[in-house]
Amino acid sequence: MASGEDAMTTPVTRMIGLVRRGEARWLNYLFASGLALGSDAGLFLLLLDAGLRPMAASAIGYCAGILVHWLVSSRLVFADGTAARGTGERHRQKWLFVGSALVGLALTTAIVGAGTALGLDPRLAKLAAIVVSFQATYLLRRHIVFRAAVA
């Protein structure tokens with residue numbers, strides 16, 4: 001029984017250690033995401049109130065959030081893994097970042113579109129999209145775009 005408990009404790013202990021070591025990065029990412037989300041959601045609501053269709057408003061808001069997120073992520077969250085300006089590696093990171101954002105955009109617009117097609121309030125559909133998109137883009141950015149920063 002003790003060996004079974006040790007096997008169960010080891011992954012938990014490792015996870016706790018990872019959280020402790022990555023706490024500042026996680027908080028910074030949360031901050032960057034909050035800023036990007038504020039830009040995204042604020043523009044989404046303004047455009048929705050102006051009469052734009054929910055999917056289009058969602059896409060435009062998300063694109064504004066992409067720009068905000070790159071600026072904060074590359075300068076604060078993953079600064080230690082961001083390549084030097086003017087290099088091919090920096091260019092590659094920007095494209096990977098945009099690629100991860102496009103995955104989030106596709107998820108966001110699909111969820112908002114499906115939600116509104118099912119009769120949900122677009123704001124509730126957007127909330128669901130935020131959760132899914134956040135998780136997907138965080139994992140892509142942590143493990144692919146800025147992998148040197150986390151390694």
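**Figure 1. The whole chain, helix by helix.** Helices here are DSSP runs of at least four residues, numbered from the N terminus. With that in mind, welcome to this predicted model: reading along the sequence gives the pattern α-α-α-α-α-α. The protein chain has six helices and zero strands. It holds 151 residues, and 34% of them count as buried. The accessible surface of the protein chain is about 8800 Å², with 70% of that belonging to carbon and sulfur atoms. Among contacts with a separation of 6 or more, 70% link residues 24 or more positions apart.

**Figure 2. A look into the largest nonpolar core.** This core has 15 residues. Those with the most contacts inside it are Tyr-29, Tyr-62, Ile-66, Val-77, Phe-78, Phe-97 and Phe-146. Two or more residues come from each of helix 2 (23–49), helix 3 (54–77), helix 4 (88–117) and helix 5 (122–145). Helix 3 gives the largest share, five residues. As background, nonpolar side chains in soluble globular proteins tend to be buried together.

**Figure 3. Zooming in on Ile-66.** Which residues does Ile-66 touch, leaving out those up to four places away in sequence? Its partners are Phe-97 and Ala-101. Both Ile-66 and Phe-97 are listed with the residues that have the most contacts inside the core.

**Figure 4. Arg-90, a buried charge.** Look for Arg-90 in helix 4. Arg-90 is buried yet has no salt bridge. Glu-89, the nearest side chain of opposite charge, lies 9.8 Å away. Leaving out residues up to four places away in sequence, Arg-90 touches Trp-70, Ser-74, Arg-75, Thr-82, Ala-83, Ala-84 and Arg-85.

Conventions
Residues are numbered from 1 along each chain as its sequence is written. This is a predicted model: local features need pLDDT of at least 70, side-chain atom pairs count only at pLDDT 80 or more; totals for chains, interfaces and linings use all residues. Side-chain values use heavy atoms; hydrogens and water are left out. A nonpolar core is a set of buried Ala, Val, Leu, Ile, Met, Phe, Trp, Tyr and Cys residues joined through side-chain atoms within 4.5 Å. Buried means under 20% relative accessible area, exposed over 50%, partly exposed in between (1.4 Å probe, protein chains only). Contact means heavy atoms within 4.5 Å. Lys and Arg count as positive and Asp and Glu as negative; His and the chain ends are not counted. A salt bridge is a side-chain nitrogen of Lys or Arg within 4 Å of a carboxyl oxygen of Asp or Glu. Accessible areas come from the Shrake-Rupley method with a 1.4 Å probe; for residues, only the protein chains shown count as cover.
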